[in-house]
Amino acid sequence: MYTETAIISDNTLAGPEGELVINVGPQHPATHGVLHLVITLQGETVKKIEPHLGYIHRSIEKMCESLSYRQFIYVTSRMDYLSSHINNLGCAICVEKSMQIEVPQRAKVIRVLMSELTRIASHELWLGAMAMDLGAFTPFFYAFREREMINEIMEDSCGARLTMNYMVPGGVMYDIHPQFREKTKAFVKQFKQKVVEYDDLVTNNIIFQNRMKGVGILSKEDAISFGCTGPVARGSGLSCDTRKIFPYEVYADVDFDEVLETGCDSFARYMVRVREMHQSIRIIEQLIDNIPEGDFQAKTKAVLKPPKGEFYQRVETARGEFGVYIVSEGGTTPYRIKFRSPGFSNLSALDHMARGSKIGDLMATMGTLDLVIPDIDR
Amino acid sequence: MSVKEYIQNVYNGVTSLLKGMRKTGYYFFHPKEIITQQYPDNRSTLQLAERFRGEVVMPHDASNEHACTGCTACELACPNGTIKIITRFDTTPEGKKKKALDTFIYHLELCTMCNLCVEACPTDAIKMAQNFEHSVFDRSKLTKKLNQPGSKIREGVE
């Protein structure tokens, strides 16, 4: 057991000219997990933010090296648990690429449908948590009402609500539930009816707008240099949607827009996510009646042995670009696995965005980054 | 900012707040639209999805027979070392020795419900059950023996 660390000694010493160092986290209700921020303040103005990571490090990349190509996929659900389907999808596509497995069209469509449902569910939770960060407790329940419908769809078809492990190399684990179409259509109908409530409750609220507009500025150049992806970068006008740039599965065939906002502030990032939910609904509406007949899983060997080489696949999760890099030595387990998680790069921009703003705005800025800590730490 | 704009801002602000409060007020007076479930109280009527993964079970039929051959495919498929299979050699009436399941040990405390063992099973001997209330007072109670005492393999399952 250690008694003194650099953080604690920083805290006890008064900084130069009345600077104050405070610790937010690791168990602070506003940080959505075990994120530890060491904030240097001058009065109420944020001087510097240092994120300290490692509280939920589980060495997932190293764990994956001892698991076979079928087994390691379930671990990735534990990284970004809010878009676990899309994480699993990235790994499954990467293994398929290495083995040159042809995935049936039906499986591809089911995968895209599930990915978009996951994206909506993730953004719904973010919307509720975001409003809660700003002190509005009620929108959380409105957002969870719609999210619950998605969770029920997932429970029916995949067998779990959060860590589904539905994507397997070669397709999906089960066929969709007989009621999947009806339930998804019912969800789309309800979402379209109820989404106006979010505008009344949150988007058009004067307090919300005043706290979001002009706060947490991240310019397009900075977004590129920090490696931001996903809604954070798209809120700064950077076109980076992997679904558009490097289409995987059936994204090339469906009609949807890449959401871009040029406000560069917290409100722009908020609007990107809200508008992205509508685009996901558009994709679901196009595909739900056009699920082709056929197999839901390609026939694969019991033991997967990809040839020697390096393989990379990127997918667009709800938070940004997720990359899977596999080095294979030709054996049953990967030699090395590297995950590029979107949250890590997005967090690195927090210091730049919040520097010079007031501490009250820090939580609003951090909320719009949509951080999932296990994704950052792995 | 002119006085007119200031008054306009105040007016817009108050209307936006009232709009939001009208929405919450609507749900306050329409309790039928509330979808919250009272979980521990509704336990008798609780409906779980049929594919819901709660724990691994081994179904036995009326004559206490299961379908497990003891091939250890599930043990190899499991990423966490949840399953341990102990086999024995039975002597068939013809005098041949045959591998059979002795004990199917299942560590629920290590299980992540990933369904890979059920996928791997060639004879559909194990499946996922809906029971999700796993809390016990002692951790050792979570280590389970799935095959019932005195059970044997069903005729015709190879």
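**Figure 1. Strands β2 and β3 of chain A pair in antiparallel fashion.** In this predicted model, strand β2 (residues 36-42) of chain A is joined to β3(A) by 7 bridges, and the two strands run antiparallel. Within the pair, T40(A) is placed opposite K48(A) of β3(A). The two strands make a hairpin, with 2 residues between β2(A) and β3(A). G43(A) belongs to the turn and has a positive phi of about 65°.

**Figure 2. Domain 1 of chain A touches domain 2 of chain A.** The division of chain A gives domain 1 the residues 6-52 and domain 2 the residues 60-377. Contacts between them involve 12 residues of domain 1 of chain A and 15 residues of domain 2 of chain A. On the domain 1 side, strand β3 (residues 45-52) of chain A provides the largest share, 5 residues. By class, the residues on this side of domain 1 of chain A are 7 nonpolar, 3 polar and 2 charged.

**Figure 3. Helix α15 of chain A is largely enclosed by the rest of the structure.** The helix covers residues 359-369 of chain A. Of its 11 residues, 9 are buried, so α15(A) is largely enclosed by the rest of the structure. A residue counts as buried when 20 or more other C-beta atoms lie within 10 Å of its own. The buried residues of α15(A) are D361(A), L362(A), M363(A), A364(A), T365(A), M366(A), G367(A), T368(A) and L369(A).

**Figure 4. Chain A contains 16 helices and 8 strands.** Chain A has a radius of gyration of 21 Å, close to the 21 Å that the globule rule gives for 378 residues, so chain A is as compact as a globular protein of that length. The C-alpha trace of chain A spans about 70 × 50 × 35 Å along its principal axes. Buried residues make up 46% of the 378 residues of chain A. Among the contacts in chain A with a separation of 6 or more, 70% are between residues 24 or more positions apart.

**Figure 5. Chain B is in contact with chain A.** The contacts involve 21 residues of chain B and 19 residues of chain A. Helices α1 (3-29) and α3 (116-120) of chain B each supply at least two residues of the side that touches chain A. With 8 residues, α1(B) gives the most to this side of chain B. The side of chain B that touches chain A has 9 nonpolar, 7 polar and 5 charged residues.

**Figure 6. Chain B is divided into two parts, domain 1 and domain 2.** Domain 1 of chain B takes in residues 3-36, and domain 2 of chain B takes in residues 55-153. Taken over C-alpha atoms, the centres of domain 1 of chain B and domain 2 of chain B are separated by 57 Å. The average pLDDT of chain B is 84, and 99% of the residues of chain B score at least 70. For the model, the scores are ipTM 0.79 and pTM 0.86.

How values were computed: Residues numbered from 1 in each chain as written. Chains lettered and ligands numbered in written order. Predicted model: local features only at pLDDT ≥ 70, side-chain atom pairs only at ≥ 80, totals over all residues. Buried ≥ 20, exposed ≤ 12 C-beta atoms within 10 Å, placed from the backbone. Helix = DSSP H or I, 4+ residues; strand = E, 2+ residues; numbered from the N terminus. pLDDT = per-residue confidence, 0-100. Domains from an automatic or database assignment. Contact = placed C-beta atoms within 7 Å. Nonpolar A, V, L, I, M, F, W, Y, C, P; charged D, E, K, R; others polar. Rg over C-alpha atoms; globule rule 2.2 N^0.38 Å. Pairing = 2+ DSSP bridges.
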